[in-house]
Amino acid sequence: MHEIRFGRKLVMFGTMAVQTVFSMLQAFSPNWEIFCVLNFLVGLGQISNLVAAYVLGSELLGKSIRVIFATLGAFIPYAIGYMALPLVAYFIRSWSMLLFILSVSGVLYVPLWWFIPESPRWLLIKGRVKEAEGLLRHAAKKNGITPPDVLFSDVELEDMKAKSKQTHSIIHLFKTRNIRAITLINLLVWMILTAEYFSLSLNTPNLHGDDYLNCFFAGAIEVPAYIASCLLLQRFSRRFSLSSTLFLGGIVLFFIQTIPSNLAAISTVLVMIGKFGTTTAFAIVFVYTSELYPTTVRNMGVGLSSMASRVGSIISPYVFYLGIYHEFLPYILMGTLTVFSAILVLFLPETNNIPLPETIDQMQKIKRLKCGSTHRYHYCFYKNGTTGETNMVVSKRVEI
């Protein structure tokens with residue numbers, strides 16, 4: 001949430017420092033209680049760092065490359081690290097030494113401070129027009145493009161100045177019926193999706209075969225999953241891409257109970273297919289959520305959704321304890337919830353080929369939900385059937 005006040009870049013590197021420092025200290029924990037406290041602080045830095053980095057990249061890059069960054073660029077390195085973890089852990093059996101070596105890698109990112117710029121969108125919202133203009137001209141020069149002499153007209157500057165005086169809080173994510181419905185659906189989808197993702201990941205030791213190999217395969221399956229998410233986002237609508245992958249990740253879990261006990265390897269394959277669908281959906285939901293919210297509350301929207309996902313990750317270790325009552329109950333529960341979330345996604349508005357909204361008024365309307373509004377103006381987007389261009393129309397609205 002602090003990115004709104006301090007900027008994406010400062011928060012991204014600040015939270016990275018928090019994650020790295022407390023991870024190092026965690027390796028020297030004298031007891032379990034101290035370990036848990038430090039682990040809580042590491043989690044604060046890690047999740048905030050992920051959200052800030054993702055939002056910054058989404059706002060810096062253009063539409064043509066944003067999807068590739070949000071899927072392949074942001075998550076393929078995560079999958080590579082996932083696959084490397086069992087390899088490193090196989091040779092370093094001491095948990096404290098393993099944790100310390102992994103945490104030191106955070107120091108490698110320090111030089112990036114001088115290469116990664118602040119978000120021009122955030123600078124404009126904050127009224128820092130000259131800084132934003134400087135970044136845009138520098139980017140144009142790097143891309144071999146000659147920018148116009150005047151990037152922003154007087155009317156645009158006055159509008160930006162007015163917007164810079166506006167303040168937004170988490171309450172704005174629930175202020176209107178439209179954004180409230182979008183936020184509530186996002187919270188449920190993120191929580192269920194993360195619960196299934198980590199439930200399947202943490203269940204790796206219970207699968208048939210070697211623990212280290214199973215962990216490697218669980219990471220390896222994420223590489224084609226992220227490639228699939230990129231292809232889906234480029235060729236299909238956001239709503240279809242997310243709903244279909246959630247449905248795949250959920251429905252396949254129902255078939256595990258039909259596999260005979262002497263064919264445990266097939267159960268492992270089905271779990272990996274479920275992990276594939278869930279991982280694909282995980283990459284897509286980041287893109288979709290960041291496009292649903294406007295610049296003024298985008299980081300809060302993604303951040304609150306990520307916070308809801310942490311509820312799912314807290315629940316996930318306990319899901320498979322349900323197996324005490326019925327062997328396949330965990331899979332039935334997670335499959336049912338995931339299919340339910342796939343249905344919920346169908347009510348969200350489509351954002352494919354739609355410009356990123358700047359204000360709450362410009363947000364797309366949720367399906368089958370009429371929204372009352374007290375704003376004088378209504379923004380709507382439409383696609384020109386002849387030219388294929390997406391245009392925005394501003395119309396006057398009667399107060400109700």
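User: When H2 passes H3, is the crossing left-handed or right-handed?
Analyst: First, a heads-up: this is a predicted model, where local features need pLDDT of at least 70, side-chain atom pairs count only at pLDDT 80 or more, and totals for chains, interfaces and linings use all residues. Residues are numbered from 1 along each chain as its sequence is written, and side-chain values use heavy atoms, leaving out hydrogens and water. A crossing is left-handed if the near helix is turned anticlockwise from the far one by less than a right angle, and right-handed if clockwise. By that rule, the way H2 passes H3 is left-handed.

User: How are H2 and H3 oriented to each other?
Analyst: Axes are lines fitted to C-alpha atoms, for helices over the stretch in contact, with angles from 0 to 180 degrees between N-to-C directions. Helix H2 (residues 8-26) and helix H3 (residues 32-60) have axes 7 Å apart and an angle of about 155°. Angles under 35 degrees count as roughly parallel, over 145 as roughly antiparallel, 65 to 115 as roughly perpendicular, and the rest as oblique. So H2 and H3 are roughly antiparallel.

User: What about H4 and H13: how do they lie to each other?
Analyst: The axes of H4 (residues 63-91) and H13 (residues 264-292) come within 10 Å and cross at roughly 140°. H4 passes H13 in a right-handed crossing. The pair is therefore oblique.

User: Which residues of H13 make the contact with H4?
Analyst: Contact means heavy atoms within 4.5 Å. H4 brings Ala 70, Thr 71, Phe 75 and Tyr 82. Facing them from H13 are Lys 275, Ala 283, Phe 286 and Val 287.

User: How many salt bridges are there?
Analyst: Side chains of opposite charge can pair when their charged atoms come close. The rule here is a side-chain nitrogen of Lys or Arg within 4 Å of a carboxyl oxygen of Asp or Glu. By this rule, the count is three.

User: Are Glu 222 and Lys 275 buried or exposed?
Analyst: Their side chains form a salt bridge, 3.0 Å from N to O. This pair links distant parts of the chain, 53 residues apart, with Glu 222 in helix H11 (residues 222-235) and Lys 275 in H13. Buried means under 20% relative accessible area, exposed over 50%, and partly exposed in between (1.4 Å probe, protein chains only). Both residues are buried.

User: Which residue pairs with Glu 291 in a salt bridge?
Analyst: Glu 291 sits in H13, and its partner is in helix H12 (residues 238-251), 53 residues apart. Both are buried. At 2.9 Å, N to O, the partner is Arg 238.

User: Where do Glu 133 and Arg 137 lie?
Analyst: They form a salt bridge, with the closest N and O atoms 3.3 Å apart. Glu 133 is partly exposed at 24% relative accessibility, and Arg 137 is partly exposed too, at 26%. Four residues apart, about one turn of the helix, both lie in helix H7 (residues 129-142).

User: How far apart in space are Gly 209 and Ala 265?
Analyst: Gly 209 is in the loop between helix H9 (177-202) and helix H10 (211-220). Although Gly 209 and Ala 265 are 56 residues apart in sequence, their C-alpha to C-alpha distance is 8.0 Å.

Terms used
Helices (H or I, at least four residues) and strands (E, at least two) are DSSP runs, numbered from the N terminus.
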